[in-house]
Amino acid sequence: MTQHAQNANPTSDVVVIGGGIIGLACAWSALRDGASVTVIDRDFEGDRTSHGNAGGIAVTESTPIAVNGLFTKALKWLVDPLGPLSLDWKHLPAAWPWFMAFRRTANKERFREISLALASLNNRVYDDIVPMFEDVGAMDSFYRRGALTVYETGEAFAADQHEWAFKRELGVRWHAMSADEIREYEPSLAPVFRHGVFLDDWSHIGDPKRLVTQLRDRVKQLGATFVAGTVQALDLADALAPAAVIGTGERVKGRRMVVATGAWSASLAASIGDRVLLDSERGYNMTLPSHGIGLSREVIFAERKFVATPLDIGLRIGGAAEFAGLEAPPNYQRSEALLALGKRFLPDINDAGAVKWMGHRPATPDSLPVIGSSPRAPSVIYAFGHGHLGLTQSATTGALVADLLAGRTPGIDLEPYSIKRFQN
Ligand SMILES: Cc1cc2nc3c(=O)[nH]c(=O)nc-3n(C[C@H](O)[C@H](O)[C@H](O)COP(=O)(O)OP(=O)(O)OC[C@H]3O[C@@H](n4cnc5c(N)ncnc54)[C@H](O)[C@@H]3O)c2cc1C
């Protein structure tokens, strides 16, 4: 089924660049609308961010990463070489405009605007994702059991109260739990947690890689053409048929083009003159296939900034935010550091056969994805920059992109996600 560029269908209705969870969800939605679709990826079989994430449908995460006071905390974390945040200082000059924009986001008014925009996406996630899971056969490993955020100290719990109250305003359902209730719900946790927050609407899936495979197979079955190749640039010379320029100059043309290349999307946007601030927020994890404990749901460790998810393929302990660009080799000591935390707070886990992984979260400084048409070329639609929430927002992004492709008015205002916000 996979073709080389020169053989590719030259005039699909839609060319989707990127075969991660976002590109495939866009392709799936467009195919269901009756469009002909070509999907291009540089390596359909290889690893990608969408394969190794924590598997959380994290609909409660409707506030941006940048909050007041984070900069002070961040400086403390940076001093710890294996703490939750790290920066390769060689990457700083390239990342500087991103960090400055990140800092500007931490003002009260912008924080509220961004939160409302995140909630608009997150509050409709199940309406979009359940039909996609049903259609691709993913319901058997979709676990709607909530999630539990745990706190070691009363101080940290008290410090987060304002944000929890605001999240409730945004539509997030949660309730506080005592130390005893935490033990009752998740007995394999070390008995050190004094406070908990139960998140009713968070859910998780059994294996993010399996989901990508199921979605890709379904997209193929619905008739998409697959083209293997690295897209170097977009070419708008023919206004009626924009082209994706691959490798040695072959062109894959379509009436509309969807850019869904995750953390690699900025250069494709730049090739038609659209500026975006996008960086790789590199995350790590360790998956323990024979963990031997009975965790029932995803647990978020509030102070230590990591999570543990009981996937079908093992217990995945993950987190970390490393800014080192797209090319630096992984530093798997971060996976080891996460495992050490896991062993401390889930003391009975068995780490035999543990597998390390690193992936590139496509991160914007304001935590909002880029969804919408290029201001320069309405035939080009962006769908990238989902940061920590790409799995969660995949089907919703696909549905919104399909609305744009079909000329329907999307169910939510897309202005907050427009690439125009980076043009100044
Ligand atoms: C440690 C970690 C934990 C996470 N946990 C969660 C979670 O629990 N819940 C959640 O919702 N999200 C989570 N995320 C985030 C989520 O994984 C990402 O937001 C999501 O996978 C991004 O999907 P994508 O399709 O945009 O990118 P990708 O999966 O990176 O796909 C991009 C695709 O584009 C292709 N590509 C790139 N450049 C080109 C080019 N020039 N030409 C052709 N093809 C190209 C790549 O080969 C790739 O297939 C996590 C991320 C990490 C790192």
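How far is an oxygen atom of the ligand from a polar backbone atom of I22? The answer is 3.1 Å, a polar contact (a pair of N or O atoms within 3.5 Å). Keep in mind that this is a predicted model, where local features need pLDDT of at least 70, side-chain atom pairs count only at pLDDT 80 or more, and totals for chains, interfaces and linings use all residues. Residues are numbered from 1 along each chain as its sequence is written, and side-chain values use heavy atoms, with hydrogens and water left out.

**Backbone contacts and burial**
- A nitrogen atom of the ligand sits 3.1 Å from a backbone N or O atom of A54.
- For G387, a backbone N or O atom is 2.8 Å from an oxygen atom of the ligand.
- On its own the ligand exposes 1,000 Å², and the protein buries 96% of that (areas by the Shrake-Rupley method with a 1.4 Å probe).

**Who's in the shell**
- There are 32 residues around the ligand, and D41, R48, S50, G56 and T392 come nearest (a residue is near if one of its heavy atoms lies within 4 Å).
- Sorted by class, the shell has 18 polar, 10 nonpolar and 4 charged residues, with Gly counted as polar.
- β19 gives the most, with 4 residues (strands are DSSP runs of E, at least two residues).
- The ligand lies between domain 1 (2-50 + 209-277 + 367-422) and domain 2 (69-105 + 279-363), because both give residues to its shell; the bounds come from an automatic or database domain assignment.

- An open sheet of 3 strands runs in the order β4-β10-β6, with antiparallel pairing (strands pair if DSSP finds at least two bridges between them).
- Its edge strands are β4 (56-57) and β6 (142-143).
- F142 stands opposite I205 in β10.

How values were computed: Polar contact = N/O pair within 3.5 Å; in protein donor to acceptor, adjacent residues only side chain to side chain.
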